[in-house]
Amino acid sequence: GLSMCIRTTLLQGTFLLGLVAASHVDTACIAAQQIIQQMWIICSYVCDGIAQAGTMLGSQMTGHGRAALPGIRTLFRRLLAMGLVIGLVLCVLLYFVRIKLSEIFTNNKQAIHYLH
């Protein structure tokens, strides 16, 4: 409902602000900002997939009433741990492949410089 509308508006607003800030530098900076935004979106899809699976499992468990409360707590802890591990793995992975990734997206030396 309303919370999703607010979340989406704020998220799109941050993308717009990033683009506006990059546009005040030069076109290579805009290109670098767009590459970073795409990488962020790909990573968020991975995390959102875990969140959606958790929502479905949690909803199913909630339908079983109070008896499912220990299972819901276990699910919460597992999803939290998975989110932390996936976030750290993506962070480390992106750090070590950033040079190759930037070269996949562009051959513009200035944009690659901004990405490093």
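**View 1. Helices α2 and α3 lie roughly antiparallel to each other in this predicted model.** The angle between α2 and α3 is about 165°, and angles over 145 degrees count as roughly antiparallel. Their axes are 10 Å apart. The crossing of α2 past α3 is right-handed.

**View 2. Residues of α2 and α3 meet in a contact.** From α2 come Ile35, Met39, Cys43, Val46, Cys47, Ile50, Gly54, Leu57, Gly58, Met61 and Thr62. From α3 come Gly71, Ile72, Leu75, Leu79, Met82, Ile86, Leu90, Leu94, Leu101 and Phe105. By class, the contact of α2 with α3 holds 17 nonpolar and 4 polar residues. No charged residue takes part in this contact.

**View 3. Helix α1 packs with α2.** Helix α1 covers residues 2-23. The angle between α1 and α2 is about 155°, so the two helices are roughly antiparallel to each other. Their axes are 8 Å apart. Here too the handedness can be read: α1 passes α2 in a right-handed crossing.

**View 4. Residues of α1 and α2 form a second contact to examine.** On the α1 side are Arg7, Leu11, Phe15, Gly18, Leu19, Ala22 and Ser23. On the α2 side are Cys29, Ile30, Gln33, Gln34, Gln37, Trp40, Ile41 and Asp48. The contact of α1 with α2 divides into 8 nonpolar, 5 polar and 2 charged residues.

**View 5. The largest pocket has a volume of about 220 Å³.** Its lining consists of Ile35, Ile36, Met39, Trp40, Cys43, Leu94, Arg98, Leu101, Ser102 and Leu115. By class, the lining of the largest pocket has 8 nonpolar residues, 1 polar and 1 charged.

**View 6. Helices α2 and α3 both contribute to the lining of the largest pocket.** Helix α2 spans residues 27-62, and α3 spans 69-105. Each supplies at least two lining residues. The largest share, 5 residues, comes from α2.

Notes:
Residues numbered from 1 in each chain as written. Predicted model: local features only at pLDDT ≥ 70, side-chain atom pairs only at ≥ 80, totals over all residues. Heavy atoms only, no water. 1 Å grid on protein atoms, 1.4 Å probe; cavity = no way out; pocket = protein on both sides within 12 Å on 5 of 7 lines; lining within 4 Å. Points joined across faces, edges and corners; volume = space filled by probe spheres on them. Helix = DSSP H or I, 4+ residues; strand = E, 2+ residues; numbered from the N terminus. Nonpolar A, V, L, I, M, F, W, Y, C, P; charged D, E, K, R; others polar. Axes fitted to C-alpha atoms, helices over the stretch in contact; angles between N-to-C directions. Parallel < 35°, antiparallel > 145°, perpendicular 65-115°, else oblique. Left-handed = near helix turned anticlockwise from the far one by under 90°. Contact = heavy atoms within 4.5 Å.
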